[in-house]
Amino acid sequence: MVEGSQKKNLINKKGLRVDGRKPDELRSTKFEIGLLEKAMGSAYVEQGKNKIIAAVYGPRETHPRHLALQDRALLRCRYHMAPFSVEERKRPAPSRREIELSKVIGEALEPAVFVDLYPRASIDVFIEVLQSDGGSRCASISVASLALADAGIPLRDLVASCAAGKVDGEIVLDLNDDEDKLGEADLPVALMPQSESITLLQMDGNFSQKEFESAFNLALKGCGQIYDLQKQALKEKYSIKKEVLEDLEGEKEE
Amino acid sequence: MPLTVEDRQLVTPGDLLAEVDYKAGENTYSENDKIYASKIGIVGSRRNIVHVIALRGFYTPQVGDIVIGKVVDINLGGWVLDINSPYQAILFVSEVFERSFNPRKDELSEVFNIGDMILAKVSGFDRTRDPALTLRGRGLGKITHGRIIEMTSAKIPRLIGKKGSMIDMVKKGTGCQIAVGQNGRVLVRGKREEDVAFTIKIIRKVEEEAHTSGLTNRISELIKKEKM
Amino acid sequence: MVDSSEIITNVMERRITKLLVQDKRLDGRGLTDYREIKVETGLIEKADGSALVSLGNTKVLVGIKVDVGEPYPDTPDEGVQTVNAELVPLASPVFEPGPPKEDAIELARVVDRGIRESKAIDVKKLCIIPGKKVYIVFIDVYVLDHDGNMIDASAMASIAALAISKIPVYEVKKNGEIEITTKKSLPLNDYPIAVTIAKIEDSLLVDPSLEEENMMDTRLTISLNNNNDICAIQKGGIGTLKKNDILNAANIAQKKAKEIRKIVKGK
């Protein structure tokens with residue numbers, strides 16, 4: 001958290017944020033499913049100015065072979081930012097931040113995957129941030145989860161992710177880049193909503209115990225909203241009108 | 001007790017499908033006596049088993065499946081094939097050479113070489129090793145002519161139809177020989193190029209309209225029209 | 001994720017879970033007990049500051065080196081803090097030689113966050129010529145013996161080393177050159193402490209040993225400042241946590257941080 005030398009008024013007198021949002025309002029979020037041809041599963045998200053694409057390859061043979069796990073699939077996640085995704089050009093080689101994020105994002109997604117079903121195989125998740133504006137790790141988890149579903153990999157649940165934070169002393173939802181840089185705290189969370197199991201939790205900044213609880217609860221609410229948007233996107237992509245659905249009872253070869 | 005979702009509804013992973021009373025069928029899982037979907041698909045139930053017909057998926061080998069594989073490697077044990085699944089398949093030397101024999105590598109490549117397409121059957125598969133193939137069966141072996149197309153393995157059952165009804169109708173109507181691999185690969189052979197092309201057109205149509213009603217009739221109409 | 005942990009036997013796993021039901025642990029500790037903490041400072045004379053922490057059998061050595069360099073463009077009048085961690089092969093049969101991999105990188109970044117977000121190093125006091133020359137504080141974490149909970153041991157060693165670090169005082173001469181005149185203590189504003197809690201089945205235990213780490217569902221590290229505010233949190237590992245786990249962990253961390261700070265500072 002870098003504090004600017006002059007304090008920015010991130011929340012105006014009406015209680016609205018720099019981009020006009022209320023403290024508990026999510027940025028405008030849109031998901032698109034199955035946009036890539038070669039990948040086995042893919043999805044794209046625009047959350048505020050974030051533009052992130054995720055692709056899944058697998059389950060497939062593990063290369064190099066010696067990395068394969070005998071009793072389950074190896075889930076590998078690569079979070080990478082394009083050089084043009086941020087204000088100051090970022091060098092293409094993976095930075096330490098990207099390596100850490102690759103690790104925590106993979107750990108946020110894996111609990112949802114039935115990895116036990118595919119011993120010795122690999123499931124590779126590739127996330128490319130095309131444009132970044134705060135909260136990219138959360139958006140990455142949400143979109144990667146959809147790519148896993150699109151690949152037809154069996155999942156316990158989708159993983160929905162959202163961050164809350166503290167800006168000008170107030171607890172807010174879904175910080176954009178300015179709020180993240182100039183605010184006082186950032187708390188990204190990821191959740192499997194059906195079982196209320198938290199798969200990602202990080203924080204940096206400063207929270208009293210009370211503030212932490214408040215922010216945590218708000219982030220969980222945000223995850224719930226993201227979950228609804230994820231399901232909506234899947235339904236829109238795959239719905240078949242009921243009338244047109246044939247009687248599948250008889251068709252299924254047992 | 002009924003399902004918690006409507007029958008034939010589109011469900012997504014994590015959706016609650018049923019509580020108590022039901023058993024977990026295909027593409028579902030159970031936790032604490034509740035059954036959830038594990039894939040995107042259409043929910044259905046038969047007797048007390050709730051299942052999801054997946055709209056997205058990949059081929060997982062099962063013993064007894066007919067598959068069409070492509071030779072990608074040869075080693076002293078036999079041939080390694082890509083069968084469009086998370087695992088590569090092995091065709092052991094003993095499947096082809098009856099007697100106990102120690103062939104050198106270049107002799108093996110004379111039988112099947114890298115790039116060859118093979119019609120085979122899955123003879124063994126478990127968690128500890130890659131699926132094994134056999135050629136013992138009618139029509140199994142190297143594919144020497146015809147066209148092979150690839151489609152979503154999830155839709156293969158629809159192409160076959162109840163007790164083979166759909167595929168038989170297509171075979172009869174087009175006069176072509178069709179070998180359907182469970183792994184999403186289909187071999188089409190016919191005397192005339194137009195027949196083969198038409199058959200492929202039908203297969204693509206089935207793939208696209210797999211879950212819609214009236215498909216059987218539409219395919220039947222298509223065949224009738226072509227004959228005229 | 002490639003599993004870098006050792007193989008834990010089923011028999012040991014069962015023993016651990018059986019004991020946990022009675023709120024007991026393999027080494028006799030209670031769920032909220034830390035292993036013995038020993039701190040030794042100043043052992044590396046060539047470093048500007050150093051500390052060796054033993055947490056049970058886990059040993060971490062931190063060396064501080066202070067250099068002069070350019071500030072970051074968006075903070076021209078602030079010093080720079082950078083943390084690097086090395087899991088050197090001699091520390092454990094499962095560490096391999098080579099550049100830091102994701103475990104080492106995560107360790108460094110978690111330790112860094114605790115110090116950075118608590119503003120422990122007063123970076124405003126580390127400016128020599130604004131926009132041109134500032135102090136760069138290199139915090140190098142060297143794990144020497146891995147027996148579980150490297151994060152907490154590393155965080156303790158880092159702050160203990162910083163607390164006794166001496167930095168050269170630069171005087172800016174009239175011709176713009178800078179010259180070392182004397183040495184002073186590194187300006188410190190806070191004393192952050194990291195508390196790592198592991199979840200095994202339904203139990204939360206602090207300071208996991210290596211065996212406990214290898215079988216835990218997941219871990220949660222919470223860093224607190226002198227005021228008991230939360231400055232950093234990191235969940236690690238494949239497992240999941242329930243909301244109550246997290247709130248309980250925050251409570252436990254608050255109590256333990258105070259205790260540990262006394263022990264580490266006291267030496």
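In chain B, an open sheet is built from three strands in the order β14-β16-β15, with antiparallel pairing. Two strands count as paired if DSSP finds at least two bridges between them. Strands (E, at least two residues) and helices (H or I, at least four residues) are DSSP runs, numbered from the N terminus. The edge strands of this sheet are β14 (147–150) and β15 (177–180) of chain B, each of which pairs on one side only. From one strand to the next, the twist averages 20°; axes are lines fitted to C-alpha atoms, for helices over the stretch in contact, and angles run from 0 to 180 degrees between N-to-C directions.

This is a predicted model, in which local features need pLDDT of at least 70 and side-chain atom pairs count only at pLDDT 80 or more, while totals for chains, interfaces and linings use all residues. Residues are numbered from 1 along each chain as its sequence is written, chains are lettered from A in the order in which they are written, and side-chain values use heavy atoms, with hydrogens and water left out.

**The sheet of chain B and its helix**

Strand β16 (residues 185–189) of chain B pairs with β14(B) in the antiparallel sense over four bridges. Within this pairing, B:I148 stands opposite B:L187 in β16(B). Helix α4 (residues 193–208) of chain B packs on the sheet and touches β14, β15 and β16 of chain B. The direction of this helix makes about 10° with that of β14(B). Contact here, as for the chains below, means heavy atoms within 4.5 Å. Strands of a sheet pair through backbone hydrogen bonds, either parallel or antiparallel.

**How the chains meet**

Two pairs of chains touch, and the most contacts are between chains A and B. Chain B and chain C are joined by no contact, and their closest C-alpha atoms lie 16 Å apart. The table sets out the two interfaces. Buried area is the accessible area (1.4 Å probe) that two parts lose on being put together, summed over both.

| Chains | Residues in contact | Buried area | Share on carbon and sulfur |
|---|---|---|---|
| A and B | 43 residues of chain A, 45 residues of chain B | about 4000 Å² | 51% |
| C and A | 39 residues of chain C, 43 residues of chain A | about 3500 Å² | 55% |

**Chain A with chain B**

The count between chain A and chain B is four salt bridges, a salt bridge being a side-chain nitrogen of Lys or Arg within 4 Å of a carboxyl oxygen of Asp or Glu. The side chains of B:D15 and A:K235 meet in a salt bridge, at 3.8 Å from N to O. Across this interface of chain A and chain B, 16 residue pairs are in polar contact, both residues being at pLDDT 80 or more. A polar contact is a pair of N or O atoms within 3.5 Å; within protein, one must be able to donate a hydrogen and the other to accept it, and residues adjacent in sequence count only if both atoms are side-chain atoms.

On the side of chain A that touches chain B, the elements giving two or more residues are β3 (50–61), α2 (136–150) and α4 (209–238) of chain A. Of these, α4(A) gives the most, with five residues. The residues of this side of chain A divide into 20 nonpolar, four polar and 19 charged. In this division Ala, Val, Leu, Ile, Met, Phe, Trp, Tyr, Cys and Pro count as nonpolar, Asp, Glu, Lys and Arg as charged, and the others, Gly among them, as polar.

**Chain C with chain A**

Between chain C and chain A the count is four salt bridges. In one of them, C:R109 is joined to A:E100, with the closest N and O atoms 2.4 Å apart. Polar contacts across this interface of chain C and chain A number 21 residue pairs, both residues at pLDDT 80 or more. The side of chain C that touches chain A draws at least two residues from each of β4 (80–87), α2 (102–117), β11 (218–224), β12 (230–236) and α5 (243–266) of chain C. The most come from α2(C), with eight residues. By class, this side of chain C has 15 nonpolar, ten polar and 14 charged residues.

Strand pairing also crosses between these chains: strand β9 (residues 197–207) of chain A and β12(C) pair in the antiparallel sense over four bridges. There A:F207 stands opposite C:I230 in β12(C).

**Backbone features**

Most residues other than glycine have a negative phi, and most peptide bonds are trans. A cis peptide bond joins A:G58 and A:P59, with omega about 0°, and A:P59 lies in strand β3 of chain A. The bond from A:H63 to A:P64 is also cis, with omega near 0°; A:P64 is placed in the loop between β3 and β4 (74–81) of chain A. B:R8, although not a glycine, has a positive phi of about 65°, and B:R8 is found in the segment before β1 (10–11) of chain B.
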